[in-house]
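Subject: Structure handover

Dear colleague,

Here is the structure I said I would pass on. My notes on it follow below.

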Amino acid sequence: MKNNFPNTESVAIIANGCFEKSDYIKKKINSFNYFVCCDGGLANLLKYNLEPNVIIGDLDSINEENKIKYKKKTIFIKNQNENDLRKTIKWLSNKTINKASIFFATGKRQDHCIGNIFTLLQYETNLDIEIIGKYGDFSIINKTKTISSYKGQSISLFSTDPTIFIRTKNLKYNLNGKLKNLYQGTLNESMSSNFKISISHGKVLIYKENILN
């Protein structure tokens, strides 16, 4: 397949989770001009009347009509040791981009949903990746960062490494220590138009509520 990759810093990855229609998703997804579909994620993109640039996967979730229609845009990767989302992330890691935003990565099978969320935290890639959802977004913190917010926004932090020291500012329950389990950093709240997170090393997963769905 011939594919001229664009001169852009970020792309949209369209996963095969539950389709979410909202003004927030529409605004976010329409801010991109390059779309990479994870196999059956093609159907989610088409519902927004957008066309794929690339389709990646083993093609077990695409109907025959679309297999024929988008044949020239398809990259077949059979590897059953990885799901189509991680195949896509690996393929994009070799491209000239810095960031990828994933849409429709949640819903349907809950085990897939959990796997997709923690892919952000543990899958090795040079990309800055986030999951965009109708009710909230997931992203990764790997350094000191000030994050735009609003007062009352629900915030949760997750770490699979109990040795990471985390310090926060402008949260209702500021952290100044380590998360000993996966649920200890949940149900927090922003107290300002931004908040700050500093970590000693590694990566921390952050969830930010979206009330604009």
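Predicted model: local features only at pLDDT ≥ 70, side-chain atom pairs only at ≥ 80, totals over all residues.

Residues are numbered from 1 along each chain as its sequence is written, and side-chain values use heavy atoms, with hydrogens and water left out.

The sheet around β10

β10 belongs to an open sheet of 4 strands in the order β8-β13-β10-β11, with antiparallel pairing. Two strands are taken as paired if DSSP finds at least two bridges between them. The edges are β8 (145–148) and β11, each of which pairs on one side only. On average, neighbouring strands of this sheet are turned by 25 degrees against each other, direction ignored; the axes are lines fitted to C-alpha atoms, and angles run from 0 to 180 degrees between N-to-C directions.

On one side, β10 is joined by 3 bridges to β11 (residues 176–178), and the two run antiparallel. Here I166 stands opposite G177. The hairpin of these strands has 6 residues between them, and in it N170 takes a positive phi near 75 degrees.

β10 is also joined to β13 (residues 194–199), antiparallel, by 4 bridges. K169 stands opposite K196 of β13, and T168 has I197 as its bridge partner. β13 is in turn joined to β8 by 4 bridges, again antiparallel. In that pairing T146 stands opposite K196, and I197 is the bridge partner of K145.

T168

T168 of β10 has a relative accessible area of 8% and is therefore buried. Buried means under 20% relative accessible area, exposed over 50%, and partly exposed in between, with a 1.4 Å probe and protein chains only. The side chain of T168 makes a polar contact of 2.9 Å with the side chain of N174, and reaches the backbone nitrogen of L175 at 2.8 Å. A polar contact is a pair of N or O atoms within 3.5 Å; within protein, one must be able to donate a hydrogen and the other to accept it, and residues adjacent in sequence count only if both atoms are side-chain atoms. Not counting residues up to four places away in sequence, T168 touches L157, Y173, N174, L175, K196 and I197, where contact means heavy atoms within 4.5 Å.

Helix α4 (residues 84–92) includes K87. Of the 9 residues of α4, 8 are buried, so the helix is largely enclosed by the rest of the structure. The buried ones are D84, L85, R86, K87, T88, I89, W91 and L92. K87 counts as buried because its relative accessibility is 6%, and its side chain makes a polar contact with that of D84 at 3.4 Å. N83 caps the N-terminal end of α4, with a side-chain oxygen 3.2 Å from the backbone nitrogen of L85.

Helix α5 has 13 residues and reaches 18 Å from its first C-alpha to its last, close to the 18 Å expected at 1.5 Å a residue; the expected span is 1.5 Å times one less than the number of residues. C113, N116, I117, T119, L120 and L121 are buried in α5. The buried residues of α5 pack against α4, β5, β6, β7, β9 (154–158) and β14 (204–209).

The cores

The largest nonpolar core has 29 residues, and those with the most contacts inside it are I13, W91, L92, I102, L120 and L205. Elements giving two or more residues to this core include β1 (10–14), α4, β5 (99–103) and α5 (110–122). Another core, of 19 residues, lies apart from it, and Y24, F32, L42 and F103 are among its members. A nonpolar core is a set of buried Ala, Val, Leu, Ile, Met, Phe, Trp, Tyr and Cys residues joined through side-chain atoms within 4.5 Å.

Regards
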